[in-house]
Amino acid sequence: MFLLRAAEGPRWMAVFLLLAALCCLFSPVVMVKHENFKTCEQSGFCKRNRQFADDAASSSWVSPYALDPASITFKDGQLAATVLKTLKEGEEKVRLPLIVTFLESGVARVTLDEEKRQKGDIILRGDSKARKERYNEASNWAIVGGLDAATGAALSAEAEAGYTKVFYGDGGKHQALIRHHPFSIEFQRDGETQIKFNDKGLLNLEHWRQKVEKVEKVKVEEKKEGEEEKKEGEEENKEQEPQGEDESTWWDEAFGGNTDTKPRGPEAIALDITFPGYEHVYGIPEHATGLSLKTTRGGDGAYSEPYRLYNADVFEYELDSPMTLYGAIPLMQAHRKGSTVGVFWMNAAETWVDIVKTKSITNPFSLGLLGKTDTETHWISESGIMDVFVFLGPTPQDITRQYGELTGFTALPQSFAIAYHQCRWNYVTDEDVKDVDRKFDKFKIPYDVIWLDIEYTQEKKYFTWDPLTFVNPTKMNEHLDKRDRKLVAIIDPHIKNTNDYPVIDQMKSKGLAVKNKDGNDYEGWCWPGSSMWIDAFNPAAITWWKTLFKYDSFKGTASNTFIWNDMNEPSVFNGPETTMPKDNLHHGNWEHRDVHNVNGMTFHNATYEALLERKKGEIRRPFALTRSFYSGSQRVGAMWTGDNLAEWSHLHASIPMVLNQGISGFPFAGADVGGFFGNPSKELLTRWYQAGIYYPFFRGHAHIDTRRREPYIAGAPYTEIITQALRLRYQLLPAWYTAFHEASTTGAPIVRPNFYIHPEDENGFAIDDQLYIGSTGLLAKPVTQEGADSVSVYIADDQPYFDYFDYTLYQGAGHHTVAAPLEKIPLLMQGGHIIPRRDRPRRSSGLMKYDPFTLVVVLDKDGNASGTLYVDDGATFDYQKGAYIHRRFGFDGKRSALTSIGLGTKGTKTDAYLKAMAKVRVEKIIVVNAPSAWEGKTEVVVSEEGAKESARRKKVAFEYFAKDGKKAAWAVVRDPKVGVGKGWKIDFS
Amino acid sequence: MGKQHLNSIALLLPLLSITANAASDLPRPRGVGPEFAKFYKDREAFTCISNPSIKLDISRLNDDYCDCPDGSDEPGTSACSYISPLSPPQPSRVKIGQFNETLALPGFYCKNKGHIPSYVPFTNINDGVCDYELCCDGSDEWDGIGGVKCEDRCSKIGKEWRKQDEARQKSLGAANKRRKELATEAGRLKKEVEDRIKTLHTQIQGAELKVTALEKSVQEIEKAEKGKVFKGTGKGGKVTVLAGLAKDRIQELGDSLNRVRDERDTARSRVEELEAILTKFKEEYNPNFNDEGVKRAVKAWEDYAAQDHAGPDEARDRDLESILSPDDEAAIKWEEFESTEEGDIELLYKFEEYLPESLRTWVDQKLRDLRVVLIENGMLADPHTDSPESKVVTDARQQLDNAKSELESDRTELRNHQEDLEKDYGPDDVFRALKGHCVNQDSGEYTYEFCYLDKTTQKSKKGGGHTGMGNFVRIEMVTVDDDLPADGKGLGSGQRYGLKYENGQHCWNGPNRSTMVILACAEKDEIWKVVEEEKCVYKMEVGSPAVCGIKEQQQQVAPTHNEL
C-alpha cells in the first residue's frame, strides 16, 4: 500500500508509464497470497505433530507419558507431580513437572514444563543468547486475577488404582480424574466427563536434545544444503535404527527467503483435548470463519488445514478459512444442550488447532435416536510450557465470566468510543478534517470521532505532524472539541530509522528496541522504510513510551486526541510471513517465537498506559484501538477485524467474526464499515451501515485508493437511509452503554449469538448471522445479501417478538420472514425487556449527555418486563467512586406497575454526580404489547422518592393505541417527569 | 445606534414591553419567529399548525414534551427534534397519513438583536453548545444544560459582520468593475478575430485569383519550353540547380540527424533515470507486501534488466559527430559544385560516394527517396529519359506552389478563427479575455496552478516534475451548497460556472487526473481551495471576477451539465 502511495509523485508516473509499456499490469485481482503464509505442512512443528497424530491413530499406540505416582503432592488446592516421557528403550526418561491448580472459581489449571530446561541444563546452538527455559510468562501478560486456589479442593480417597481423583468447584461438583499410565486427565461435572486431556494420546512435549552432526553424510552428499533428512535422531545416538525421526525441521527452517536458526531445536508442545458429547465448538479467534468451528482434517465442507493462531498482517484475507489473522485468543468453548465447557490454551507461540468430530451410536438398538458426537481437538504450539485452563460451565455465562475473571473484563470505554467513528486512509489536511466535520453537521448526521491514518505524520515519523498538510493540529482539535468530538491518530510500533528523529535516537540509546538473534537492534521494513520496533515487553520501554504522549511532547494533541495502534502483529514487510524473525530477541532474552502472539498486546498495553495520564491530574479513560490482540487485550481497548474488502461476502463474514470476539472475551469489536479495499456500491454501503450499527466498535474506514464515501456523499435516498441507521445507533446508545457496563463487570458479550441467549435451543447453536444486543432483548438480523427485500429471522423461543419500528408481532420458534427493503432495518424486540433510549438527535453523543430518556417496555407473554440502565459521566474513572446511575426497571404484570430500583452502591462521588444529573428525567414511557384492559385509560399515577408530599401521587396523561392487524397494542405515558437517577413507581392499574 | 440601544433595553425588560404593547403585540413564545407569531396568539390553547384538529392546553406549549405530530407545540425546545425523515421511524399515532408529521417550523428563532435573526435547528437547542454562528445572542442554550452559559455576542459578531460585509460589498463593486473590463477586453478580442476573418476572406479571394493565374502561366511556360528541348542543352545549369537542392537537402538531413540525436540523448537519459528509479524500486519494495501489481512490475523489470541491451557505441557517435561538422575534411565542398559550369547529372547519381562510409547507406536511402520525389515532380529528369526540364518551368512551378501554400494557410487560419468564434467562452465571452491566464496557490506540499481554458498543474515543493491535473475540455454549470465564510471567499450555494479539465497524468492504480475548477465571484483571480475529492479527482474553488454579477437568464443559456 505504501508503495502505491509513493507512486503518486510525478517521478513515479514515469515509472508507471515505463512499466505499463513493459508488461500488462494491474488487473486488480484481490486474493490472499497463500504462498506468503505457511500451511501446516510448511510449519515444521505442525507437520510433526499432525504426523504424530496420524501415527497415534493406530490401535497399538500407547502414549509415552506416564505420571509417577510417587511424585504426587497435594497442598492448598494444588497438585504437583512429575510426568515421565519414555524415550527409546534404555534411555533416560524425560522429567516433566506437572502442576494442576484447582481454583476457587471452579476452574482448573494444568501446567506441564520440562525440568531440564527449567534448570537451564541445556546447550543452545549457534552461541544464542536466548533464554533456556520454556516460555512461562504468558500469564504475566494475560492473567490479572481469578487465581485464588480452591480451599475446598481435595484428593479423593476412593480413587481406583492407577488413578488420582480430586474434587473441586462449588460443592465439589467438579472432579479431575488423573490416570497415571499413560497419563491423561478427565474433567467431570456432576460425575459426567466433560473434557478429556490426552485421551487420544497426542500429548507431545518435544524435549530438548543435542544436535548430532552427521559427519559421513555431509561429506558424501554435498548437493543438499541445510539439514539432512532422516537417520540417527536422539541425543545419545547409541542406536543405529534403520528409520530414525525426521529431523528436517528440527534445527532450522527456511520460509520465503528467511531462515529461522532455532537455537533450541524442536520444542513443540501439543495435546489432544476431547469434548465428549459436544457437537459444537466456538472461539479461538481470529479467523474469517463461521461461529461454530468446522472440522479441519478434510472431508465434505470441512477444512484440510488446522485453525492457525499466529498474528499476522494478512493482505486481502479470504473468507471461510482457518488461516490465521491479526489476533489470537486461544479460548475454545464447547456447547451442547444444557452444558457449556471450555479450555484456555495459554500459549503465546504459533499455535495450530485441529478439530475432528466423531459420531458414535450410543445405543445401537434405539433406532431413530441420533448418536452422540464427540469433538476432538488437537492443540499444537511451537514452544513454551503447556498451560491450560479448564472451565466446566455449565452455562455460556459461566465461561465468559470465569475467563474474564482470569484475563480481565472489557474496559468500560468512554461513551464517545461506542458512538460512530469516521475514518479514512487518509483525511489529507487539517482543513480536510474540518471540512468533513462541517459536512456531517450540514447533513445532520451524528458522529463522534474522526480518524487520521499514517499520512498525517511527517514522513511516517510517529509523534510528528506533516508541517505542510497538518499545519495547525491544535486548531483542528479545538474545532472538533466544539461539538464534543474527538480525534484518533495512528501510532504504530515501528519507529523510523532515520536521522533527525529524536524518537529513534532515544529508543536506540536507551536500548529499547527489539533485538535480532545476535543481540543487535533489529532493523526491518514497514511504512517508513527502514524501521526498528519498540520492545514493549521491557518495562523501561513502557516508561519511555509514556513520555512520548504527553501533550507537551506530542505537540498538537489534546485531551480529545486518542490513539490507534496498527501493524502490531508486528507487521514487518520484509520479514517471514510479513512479521518478525522468530529468533529475534525480546526483553529477558525471550525469543520472538515464544512471545509472538502477545507482542501486539504488550504494545497496545503500553499505549493504554501512556494515555492514562498525559497531563498531570487529568485522568481519563483511554481509548486505543488495536489490530493485533491476545487474551487480555480487552482490558485496554477495542479491536477491528483488519483490512477487509468492500464486498457483500465480507459484510456477511463480519457478523460471525464480531460474535466470536464477543464470546471470546474481547467484545469491543467491529469490522470496517464499507469494506477497506475497493469501492462499495451504494446499496452495499447502506446495508453495511445498517449492519455496522450493531458492531460494538462502529467505524467507517476506507483505503487510500478508494473513492470518498462519507455518508453524505452517496446522495438520495442512500444518505437519508444511512443517517437513519446512524441515528438509530445514537438513539440506542443508553442500551449499548449499559451492555458495555455489563461486559465490564461480568464478561458477557456485548452482541450475543443465539446459543448464548438460548443455550437449550439445539436448532440455533450454529446460527451466526443474527445477534442480540446485550441483555436488551433486541434481536437484529443485518441484511448481507445484495438486492434482498426481506430476511429470515430465527426465533428460538415462544416469546412474542415485536418489530422495533412499528410493533408488528412475530411469535413462534422457527424462521420468520421480515420485510427488509433498503430503507428498513430488521430489528425485533423480544418480549420481557425494557429498553432505554434517548430520542433526540444530536450532533455527537457528548451533546446527549443531559437529554431525557425514553423507556420502551416490551411486555412478554405473561405481561412482565424488566431491564437495566447504566449511566455515568462517560469519560472519567469517577464511576469507580460511585459517580454513576444504575437502575433496574421492572414491570409487574400482576400489579400493573412499573418501578425503578437502584442497583448501585454509594461512593464518595455519588451525590455530586446525582446532583449534576438531577434534571435528567424520563420523558416518555412506551409500553408495547399493552394489555387491552388499558383501553380508554387516560391517566396513570406516578410517585417518586423524595418528592414533596403534595406531589407524591401525581397523575400523568396516558394514551392507548389498540392492536391494529399484526401490529401490537401500545401505550404511551406522557412525560412522567421522573428523575432517571431516582426511585419511582408508575401505577397503571 | 440610538435605535439599537432602545432595542436592547426592550430585550432586557420584556415584561415592560409586554405591558406597553399588551393589546396589539403579544410576546411570542420562545423560539417562534415573527412569521409564525399568528399561530401563537391564543392564550388558552394551542392548535398544532399543520394539524388543526389537535388542540392542546396552553400549558403544553414549550413544556419540553412533543405533542404535535408536526412539532409546532415545541418551538423553543428540542423535544420535537426527532421529527425528521433522517430519524428512525416511530409508529404513527393512530393511522399513517392521518397527520402531517413533518416539522412545521424551520427551527428555533434566534432574535440576534444587533445582528441578523436566524433559525437554529431544534437538534441544537439546549445541547450544551453555544451555536454562535447561527445564534449570536446565545438564546439557544437557555436552559444552561451542564452549566453552559452563552453570553450575548451579537453586538461584537454583528459589528464584525457588518465590517466584513462592507468589505465584501466594496470588493464586489471592484469585482464587477473588473468583470466589465474583462468583458470589454473579450469583446475587443472577439472583434479582432472577426476583423481578421474579414481580412482573410479578402486575402483568400486574392490568393485564389493568383493561383489560377499562375497555374495558367505554368501551363504556358511548359508548352513553350517543350519546344525548346531540342534546341540546346543549356549551360549545364541543371547540376548547379541540383547542387543547390542537394545542399539544402543535405542541410535538412543534417539538421534532422542532429535533432534525432538530441532526441535519442534525451530518451537515453530518461531511460537511464527510469532504470535508476526502477533499480531503487526493486531494492526498496516490500516483497512481503503482497501487491500483485508491484510484484509483476518488479518481475518485469528484472526480465528487462536481464536482457542484453547494447550500450551506446562511442565510435559511431564520433562518426556522427564528424558527419555533422561542417569543417570536417570529408564534408562536401559545395562551392565547388555551385561554381562549376560543367553539368553532369551522373555526378548526382554518384553523390553518395562523397559521403563517409558510415552515413552512406542511410543517406543513400534518403537520396533515393529524394530522387524519386524530384523525378515525380518533374524537377529531375528520369535518368533514362533524356528530357530535362528547364529552370524557367521549375521557377514557375515554384511560384505556383508558394501561392498555393499561402492560400492554404490563409484558409486554415480562417477555419481556426471561425471555429474559435463558435467556441463557448462563457457569459459575454468573458473567458476569452482570460484564456491562458494562470493563477497559482500554495497548498500543503504543492503549489497548484490553474490556467483559464488551458490546464491545471500540481507542482511539488519537494522537487520533482510537475504533474498535469488535466487539460481544459469544457465549461459546465455546477450546483454547489457550501456555507460562505465571513471573508466571502467561498462558493456559497447555487449554480456556478465550472471549468472541467480532463486527461491529466495517469494515476497509479487510478484514473487519469482531472480537475473541476469551480468559479465564484471575487475581486481577484485566486485559488481558494484545492481538494482531492477522490483518488486523482480534484476540485478547485477559485475566485474570479469573470463570473461576477451573472444573471440567472445567462446561466440558463449555458448548457446544463451534471452536478458535482
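Me: Is B:Lys489 buried, partly exposed or exposed, and what is its relative accessible area?
Reply: Happy to start there, keeping in mind that this is a predicted model. Buried means under 20% and exposed means over 50%, with partly exposed in between. B:Lys489 falls in that middle class, so it counts as partly exposed, with a relative accessible area of 39%.

Me: How far apart are the closest N and O atoms of B:Glu151 and B:Arg153?
Reply: Both residues are partly exposed: B:Glu151 has a relative accessible area of 49%, and B:Arg153 has one of 35%. Their side chains form a salt bridge, which requires a nitrogen within 4 Å of a carboxyl oxygen. For this pair, the closest N and O atoms are 2.8 Å apart.

Me: Why does the salt bridge of A:Arg843 and B:Asp127 join two chains?
Reply: The two side chains meet at 2.7 Å, N to O. A:Arg843 lies in the loop between β45 (833-837) and β46 (853-858) of chain A, while B:Asp127 lies in the loop between β4 (118-120) and α3 (154-228) of chain B, so the pair joins two chains.

Me: Are A:Arg843 and B:Asp127 buried or exposed?
Reply: The cut-off for buried is under 20% relative accessible area. A:Arg843 has 9%, and B:Asp127 has 4%. Each value is under the cut-off, so A:Arg843 is buried and B:Asp127 is buried.

Me: How many salt bridges does a search of the whole structure find?
Reply: Some of them link up into a network in chain A, whose members include A:Arg117, A:Asp260, A:Lys582 and A:Asp594. Also in that network are A:Arg308, A:Glu350 and A:Arg593. Over all chains, the search finds 97.

Me: What share of the 564 residues in chain B is buried?
Reply: Chain B has 11 helices and 12 strands. Its accessible surface comes to about 31700 Å², and carbon and sulfur atoms account for 51% of that. Among contacts with a separation of 6 or more, 50% are between residues 24 or more positions apart. The buried share is 38%.

Me: How far apart do the end C-alpha atoms of residues 411-739 of chain A lie?
Reply: UniProt, in an unreviewed entry, gives this span as "domain: Glycoside hydrolase family 31 TIM barrel". In the model, the span is 33% helix and 15% strand. Its end C-alpha atoms lie 12 Å apart.

Me: How much strand do residues 747-835 of chain A hold?
Reply: An unreviewed UniProt entry lists this span as "domain: Glycosyl hydrolase family 31 C-terminal". The end C-alpha atoms lie 21 Å apart, and helix makes up 4%. The strand content is 38%.

Me: Which residue in β42(A) is the bridge partner of A:Pro800?
Reply: Strand β41 (residues 800-803) of chain A pairs with β42(A) in the antiparallel sense over 3 bridges. For A:Pro800, the partner in β42(A) is A:Gln811.

Conventions:
Residues are numbered from 1 along each chain as its sequence is written. Chains are lettered from A and ligands numbered from 1 in the order in which they are written. This is a predicted model: local features need pLDDT of at least 70, side-chain atom pairs count only at pLDDT 80 or more; totals for chains, interfaces and linings use all residues. Side-chain values use heavy atoms; hydrogens and water are left out. Buried means under 20% relative accessible area, exposed over 50%, partly exposed in between (1.4 Å probe, protein chains only). Contact means heavy atoms within 4.5 Å. Accessible areas come from the Shrake-Rupley method with a 1.4 Å probe; for residues, only the protein chains shown count as cover. UniProt positions are given in the numbering used here, feature names are shortened, and annotations may be inferred rather than shown by experiment. Two strands pair if DSSP finds at least two bridges between them.
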